[in-house]
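Work through the exercises below with the sequence and the model open. Each task is followed by a solution in steps.

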Amino acid sequence: MKALKYMMMLAAGALASAGCTDITDYPDGRLEFDHIFENPKLVGGYMNSCYSDAVTSFGRPYGDNTYMASVTDEAHDTDDATNGTMYQWNMGFMTPFTRPWNPNSDASKGRQEEWNFYGAIRRCNIMIDRVETATIRLESERELYRGEARGLRAYYYLRLLKNYGPVPLVLDNTSEAVDDWSGARKATYAEVTRQILKDCAEVIGYDPADYTYKWAGNSVIPANSELGWTSGASDAAMNRWNKAMCAGVMSEAALYAASPLNNDGTLDWAEAAEICKAALDLCLQNGYKLVTNKPAGDFTKYSYNAYDYFFVSAIDARGANDTESILYTKDRFGAWQYCGLPTTEGQSRAGSCPSQELVDSYETLQGEMPILGYADADHLQPILNPNAQYDPADPYANRDPRMKATLYYHGAPLMPLEPDNTVDTSEGGNCMLSASSVRYTRTGYYIRKYSSPSSSRNGNNDGWMRTMRLAELYLNYAEAANEAASGTAPNEAVDAVNAIRDRVGMPKIPYGLSKDEFRTRVRNERRVELAYEGHRFYDVRRWKILDQTDRVVTGMKVTKQADGTPNYERFVVSHRNAYSDKWLRLPVPGEEVARLLTQTGENFQNPGWE
């Protein structure tokens with residue numbers, strides 16, 4: 001297979017591009033395979049090459065410089081005006097050979113299909129195989145490389161599982177060139193997960209020789225003592241693999257394996273809860289905590305609260321200020337330009353416009369859901385909660401503070417301290433609705449998260465995208481612990497969710513809820529807390545509710561009455577076609593399926609994409 005095959009004789013270019021050394025041994029750029037591991041500089045360069053696919057998937061924007069939210073019920077993208085990648089996905093214009101969008105496909109930024117992670121996995125396999133005998137200057141460097149290679153391999157396999165489900169588990173392709181894949185087979189979801197957990201366990205310090213998955217009984221050993229819990233002391237070291245990243249991968253892998261889409265009975269919710277708890281506790285014990293810093297100085301002009309401030313604050317190498325982020329981009333995202341307000345100088349697109357469904361998910365300040373569901377398939381008849389202090393004539397008042405920190409709505413201040421300078425989505429307003437312009441909202445809402453109101457063509461002050469942070473680990477544990485329980489939600493699961501709600505001053509979820517009641521609460525908490533962070537796409541799939549969430553997206557139209565007061569009317573923005581069961585997994589690229597079929601006689605394609 002093209003993606004699984006890695007030609008070591010072309011390694012020189014990759015090593016040189018890693019910035020570790022220049023190679024001019026051969027006129028055609030070739031380098032003898034064994035020679036790499038006899039030279040400490042080349043070993044370091046080869047380790048860098050193991051990162052080549054990871055750095056493009058730690059949270060950068062997706063196709064058309066927009067958010068993954070655009071292919072979920074979180075948002076509708078204005079790229080529908082240009083037949084863009086998000087529009088094509090939602091309309092169902094995809095085959096195994098034509099991929100309008102996938103979670104790693106922005107060619108302009110060197111992004112590739114997720115399936116091509118097999119090339120990176122092979123480099124990790126080679127590094128793991130060679131690191132013990134390679135010529136390396138310091139034993140501490142050997143420990144670092146050992147831990148980094150295993151951690152990256154676990155990460156790549158997690159990404160493959162999340163997108164494709166069961167995939168071939170390849171650990172031994174460590175020779176110069178491997179063309180024979182006749183023995184390849186599709187491993188079970190649990191088998192791949194077990195390998196991910198095993199790699200993470202070794203990096204973190206659990207003894208893989210006695211790996212029983214009974215985490216509480218295992219003792220910690222200094223297997224990779226040189227690999228720390230943060231990435232390093234300099235900006236150049238940011239996003240080098242660390243133990244917290246392994247804890248995050250471990251937590252996600254266990255949660256996903258126990259979820260309805262993937263659970264085959266070999267890794268149940270009880271075990272997942274143990275693993276998620278271990279991952280959370282290890283991070284908490286090693287300096288990670290939720291960031292509660294409130295905006296200060298000039299930031300008070302641009303941020304409402306600690307949650308808002310967090311997403312436009314810098315990520316520092318040692319985590320001195322940002323004690324929450326685990327996986328993140330190294331570069332700011334220009335949300336102001338590609339997913340911004342038309343009032344912002346230099347904005348080119350409104351991009352990923354929040355949906356009414358997302359807005360409906362924000363509780364009232366009293367902790368009640370304002371909308372309990374919909375009486376019609378088009379979501380135009382909301383079922384109002386009689387216990388919520390919610391006024392449809394003033395729908396954005398008295399809501400969870402995370403709402404105004406995440407999105408702009410009609411009447412929202414453009415700057416928090418300028419209450420009279422507001423977003424106007426009514427006809428002729430400064431941010432009016434449009435059915436065709438890429439610069440104006442389709443839904444009546446604009447994204448605020450990550451975007452600083454102070455950004456413009458004169459300066460990008462936006463934030464850094466986070467794809468894994470401590471808040472997710474709290475929510476992973478809460479969900480797994482609740483699913484493992486019987487009858488009543490465990491107090492520990494409730495406490496985990498309340499730790500997140502405390503940051504924004506939301507009321508605590510009470511103890512004593514039934515398992516079903518708490519499931520509804522924790523799923524909604526994920527939706528609100530992790531909005532626009534790339535989780536919703538996978539959550540609705542692993543819960544197997546895609547056909548309930550992704551059929552229709554609605555918005556809010558505002559008209560001004562004679563006295564100037566606004567009238568709010570829900571409307572359908574779009575109906576979608578990407579919600580049947582086959583969309584629960586990505587199709588394996590058709591070329592790869594054909595190659596595997598030729599060599600193995602087996603069809604590796606996912607159901608529905610044959």
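**Exercise 1. Backbone angles in loops**

In which loop is Lys544 found?

Solution. The model is predicted, so residues are numbered from 1 along each chain as its sequence is written. Local features need pLDDT of at least 70, side-chain atom pairs count only at pLDDT 80 or more, and totals for chains, interfaces and linings use all residues, while side-chain values use heavy atoms, without hydrogens or water.

Step 1. Helices (H or I, at least four residues) and strands (E, at least two) are DSSP runs, numbered from the N terminus. Lys544 sits in the loop between helix H17 (536–542) and H18.

Step 2. Lys544 is not a glycine, yet its phi is positive, about 60 degrees.

Step 3. Buried means under 20% relative accessible area, exposed over 50%, and partly exposed in between, with a 1.4 Å probe and protein chains only. At a relative accessible area of 45%, Lys544 is partly exposed.

Step 4. Compare His379, which also is a residue other than glycine with a positive phi, near 60 degrees. His379 is placed in the loop between S4 and strand S5 (382–384), and with 12% relative accessibility it counts as buried.

**Exercise 2. The largest pocket**

State how much space lies in the largest pocket, and which elements line it.

Solution. Step 1. On a 1 Å grid over the protein atoms alone, a pocket is an open set of points with protein on both sides within 12 Å along at least five of seven lines, and lining residues have an atom within 4 Å of a point. Grid points are joined across faces, edges and corners, and a volume is the space filled by probe spheres set on the points. The largest pocket holds about 630 Å³.

Step 1. There are 21 lining residues, and those closest to the centre of the pocket are Asn524, Arg527, Arg536, Ile545 and Thr549.

Step 2. Two or more lining residues come from each of helix H12 (356–360), strand S4 (371–374), helix H16 (515–529) and helix H18 (546–549). H16 contributes the most, 6 residues.

**Exercise 3. The buried side of H19**

Which residues of helix H19 are buried, and why do they line one face?

Solution. Step 1. In H19 (residues 590–600), the buried residues are Gly590, Glu592, Val593, Leu596 and Thr600.

Step 1. Viewed down the axis of H19, these residues fall within an arc of 155 degrees, so they line one face of the helix. The arc is that of the directions from the helix axis to the C-beta atoms.

Step 2. The general rule is that an α-helix has 3.6 residues a turn, so residues three or four places apart point the same way.

Step 3. After H19 comes Gly601, with a positive phi near 80 degrees.

**Exercise 4. Cysteines**

How many disulfides does the structure hold?

Solution. Step 1. A disulfide is a pair of cysteine sulfur atoms within 2.5 Å. The structure holds 0 disulfides.

Step 1. For Cys339, the nearest cysteine sulfur is that of Cys353, 8.0 Å away. Cys339 is buried, with a relative accessible area of 0%.

Methods:
On a 1 Å grid over the protein atoms alone, a cavity is a set of points where a 1.4 Å probe fits but cannot get out, and a pocket is an open set with protein on both sides within 12 Å along at least five of seven lines; lining residues have an atom within 4 Å of a point.
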